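Please read it alongside the sequence and the structure shown here.

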Amino acid sequence: MVKDILDEGRTSMEKAIKALRRDMARVRTGRASISLLDDVKIDYYGTPTPLSQVANLSVPEPRLITIQPWEKNLISDIERAIYKSDLGLNPSSDGILIRLPIPSLTEERRKEMAKQVRRMGEDAKISTRSARRDANETLKLLEKDKEITADDLKQGEKDVQQLTDDYVSKIDSIVKEKEQELMEL
């Protein structure tokens, strides 16, 4: 019974880590990454469609993303969608291929992005602590209903705290890694 609660807590904490990694992938570091374009959608025959579903995306150089639409008539729509996104990128096209150069970040922008990364990490920690609280409340209810003993409750709370500490540590290392990536020239 306690094991099930721990597994449930672990699952919730793992979701927080996955969400953090997904959010971190979208933070522009001055390096080209296709994940920067995950939120860019274009109007494809009246339907908002992710860019990756209407074009080939590639990173031929560390500071360049190339976009090759499957239909040439989409080039202007793709350029417009990139301009409208808050990425701060300027696409250039030769009629067949769109080149998206990734400019280097200024020192001020790097520090601003590092703050954003720390905020994302703090949000993930809040989710993790929330999972800990839920697990502890469930354990206390089980003890109150006489389904587990007081010793089981204490051991369960100790195990939940250890799990929480492990996940907070993982979050800290992910944030630190991203900050280092941001501060590279």
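## Packing of α3 with α4

In this predicted model, the axes of α3 and helix α4, the latter spanning residues 150-183, come within 9 Å and cross at roughly 170 degrees. Since angles over 145 degrees count as roughly antiparallel, α3 and α4 are therefore roughly antiparallel to each other. Sorted by class, the residues in the contact of α3 with α4 comprise 15 nonpolar, six polar and 12 charged ones.

## Packing of α1 with α3

Helix α3 (residues 107-144) also packs with helix α1 (residues 2-25), at an angle of about 170 degrees and with the axes 9 Å apart; α1 and α3 are therefore roughly antiparallel to each other. By class, 13 nonpolar, six polar and two charged residues make up the contact of α1 with α3.

On the α1 side, the contacting residues are V2, I5, G9, S12, M13, A16, L20, D23 and M24.

## The four-stranded sheet

Four strands, in the order β3-β4-β6-β5, form an open sheet in which the pairing is antiparallel. The edges are taken by β3 (55-61) and β5 (92-93), each of which has a single partner strand, so that one side of each is left without a neighbour in the sheet.

Within this sheet, strand β4 (residues 64-69) and strand β6 (residues 98-101) run antiparallel and are joined by four bridges. The bridge partner of T66 in β6 is R99.

## The hairpin of β1 and β2

Strand β1 (residues 41-44) and strand β2 (residues 47-50) likewise run antiparallel, with four bridges joining them, and D43 has P48 as its bridge partner in β2. Two residues lie between the strands of this hairpin, where Y45 takes a positive phi near 55 degrees.

## An aromatic pair at the hairpin

The count of aromatic pairs comes to one. The rings of Y44 and Y45 have their centres 4.7 Å apart and their planes at 70 degrees, so this pair is edge-to-face, given that planes over 60 degrees apart count as such.

Y44, at 26% relative accessibility, counts as partly exposed, whereas Y45, at 65% relative accessibility, counts as exposed. Y45 is thus a residue described by its positive phi in the hairpin, by its ring pairing with Y44 and by its exposed state.

How values were computed: Residues are numbered from 1 along each chain as its sequence is written. This is a predicted model: local features need pLDDT of at least 70, side-chain atom pairs count only at pLDDT 80 or more; totals for chains, interfaces and linings use all residues. Side-chain values use heavy atoms; hydrogens and water are left out. Two strands pair if DSSP finds at least two bridges between them. Axes are lines fitted to C-alpha atoms, for helices over the stretch in contact, and angles run from 0 to 180 degrees between N-to-C directions. Angles under 35 degrees count as roughly parallel, over 145 as roughly antiparallel, 65 to 115 as roughly perpendicular and the rest as oblique. Contact means heavy atoms within 4.5 Å. Ala, Val, Leu, Ile, Met, Phe, Trp, Tyr, Cys and Pro count as nonpolar, Asp, Glu, Lys and Arg as charged, and the others, Gly among them, as polar. Rings of Phe, Tyr and Trp (its six-membered ring) pair if their centres lie within 6.5 Å; planes under 30 degrees apart count as stacked, over 60 as edge-to-face and the rest as tilted. Buried means under 20% relative accessible area, exposed over 50%, partly exposed in between (1.4 Å probe, protein chains only).
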